[in-house]
Amino acid sequence: MTRIHVSAVVDSKAELASDVEVGPYSVIGPNVKIGAGTKVGSHTVIEGYTTIGAQNTFAHFAAIGGPPQDMKYRGEPTQLIIGDRNTVREFTTIHTGTAQDEGITRIGNDNWIMAYVHIAHDCQVGNHTIFSSNAQIAGHVQVEDWAIMGGMSGVHQFVRIGQHAMLGGASALVQDIPPFVIAAGDKASPHGINVEGLKRRGFSSETISALRQAYKVLYKDGLSFEDAKVEIQKMVVASTADAATAERLAQFHDFIAASTRGIIR
């Protein structure tokens, strides 16, 4: 049975699964859909064209599905889509998309989003990410699976953060972080491969060694960016006997090859 506190305001058009919990003084708008097992804390507002999956937890005072902070926005019915098993802590803000992009902000599954985080319009967040307190990402940012955002870090619009990458606390990021790389500083610069994180997630020593070599080619060998891409592609071809390593090297290569904002240097 849905448990809605008597002081909460839930629009009659909202679609809530039968076991959703809504805390005191929270507000749920008419175009909101919330899946099974999700809990909404007190004083939280969920509005806009927002679809939320199952088993999510929203702490107190979160602002979810509000209109984008974009002066070009003219009230278009853009969306926010959130997956399953996410934790969203106090005072977090997550906005819907804009018509200038595809109109959808997406959050995947199993993400840990701490207090005072801001996820702006049109961002695409994968699965198993961690946003430490006060991490702020601007519009159109892509955060891939297992990435970690340090506390009080800030990310420029249209930047991409690769899978298993880590951005240090109080860092300012204005270019893309390749997968598996640690970056930190103002402005953020590369500081090696996220070795400890990869070990925790079961990467083999062979794969980690190959990624460290690819990092060396990109950042330490004095090659031009184009020449580094060629050398890393050669590594991909040479590692085909080890499918897992070849896959990870290909992900590293393909990410940097697709960069439009440029890679952190």
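Author: Strands here are DSSP runs of at least two residues, numbered from the N terminus. The model discussed is predicted.

Reader: Which strand holds His118?

Author: A strand needs at least two residues. The run at residues 118-119 qualifies, and His118 lies in it. That run is strand S17.

Reader: Is His118 buried or exposed?

Author: The relative accessible area of His118 is 13%. Buried means under 20%. So His118 is buried.

Reader: Which residues does His118 touch, not counting residues up to four places away in sequence?

Author: Contact means heavy atoms within 4.5 Å. Sequence neighbours up to four places away are left out. The partners of His118 are Gln69, Thr93, His95, Ala135, Gln136 and Ile137.

Reader: How many Å apart in space are Pro24 and His5, C-alpha to C-alpha?

Author: In sequence, 19 residues separate Pro24 and His5. Pro24 touches His5, along with Ser7, Ser42 and His43. From C-alpha to C-alpha, Pro24 and His5 are apart by 5.3 Å.

Reader: What span should helix H3 have, and what is the distance between its end C-alpha atoms?

Author: Helix H3 covers residues 225-238, which is 14 residues. The expected span is 1.5 Å times one less than the number of residues. For H3 that gives 20 Å. The end C-alpha atoms agree, at 20 Å.

Reader: Where around the axis of H3 do its buried residues lie?

Author: The buried residues of H3 are Ala228, Lys229, Ile232, Met235 and Val236. They cover an arc of only 115 degrees around the axis, so they share one side of H3. An α-helix has 3.6 residues a turn, so residues three or four places apart point the same way.

Reader: Which helices do the buried residues of H3 pack against?

Author: The face turned away from the buried side carries exposed Val237 and Ala238. The buried residues of H3 pack against two helices: H2 (205-219) and H4 (243-257).

Reader: How many cavities of 30 Å³ or more are found, and which residues line the largest cavity?

Author: A search of the whole structure finds 1 cavity of 30 Å³ or more. The largest cavity holds about 40 Å³ of space. Its lining divides into 4 nonpolar, 1 polar and 2 charged residues. They are Ala172, Val174, Gln175, Lys187, Ala188, Ile264 and Arg265.

How values were computed:
Residues are numbered from 1 along each chain as its sequence is written. This is a predicted model: local features need pLDDT of at least 70, side-chain atom pairs count only at pLDDT 80 or more; totals for chains, interfaces and linings use all residues. Side-chain values use heavy atoms; hydrogens and water are left out. Helices (H or I, at least four residues) and strands (E, at least two) are DSSP runs, numbered from the N terminus. Buried means under 20% relative accessible area, exposed over 50%, partly exposed in between (1.4 Å probe, protein chains only). The arc is that of the directions from the helix axis to the C-beta atoms. On a 1 Å grid over the protein atoms alone, a cavity is a set of points where a 1.4 Å probe fits but cannot get out, and a pocket is an open set with protein on both sides within 12 Å along at least five of seven lines; lining residues have an atom within 4 Å of a point. Grid points are joined across faces, edges and corners, and a volume is the space filled by probe spheres set on the points. Ala, Val, Leu, Ile, Met, Phe, Trp, Tyr, Cys and Pro count as nonpolar, Asp, Glu, Lys and Arg as charged, and the others, Gly among them, as polar.
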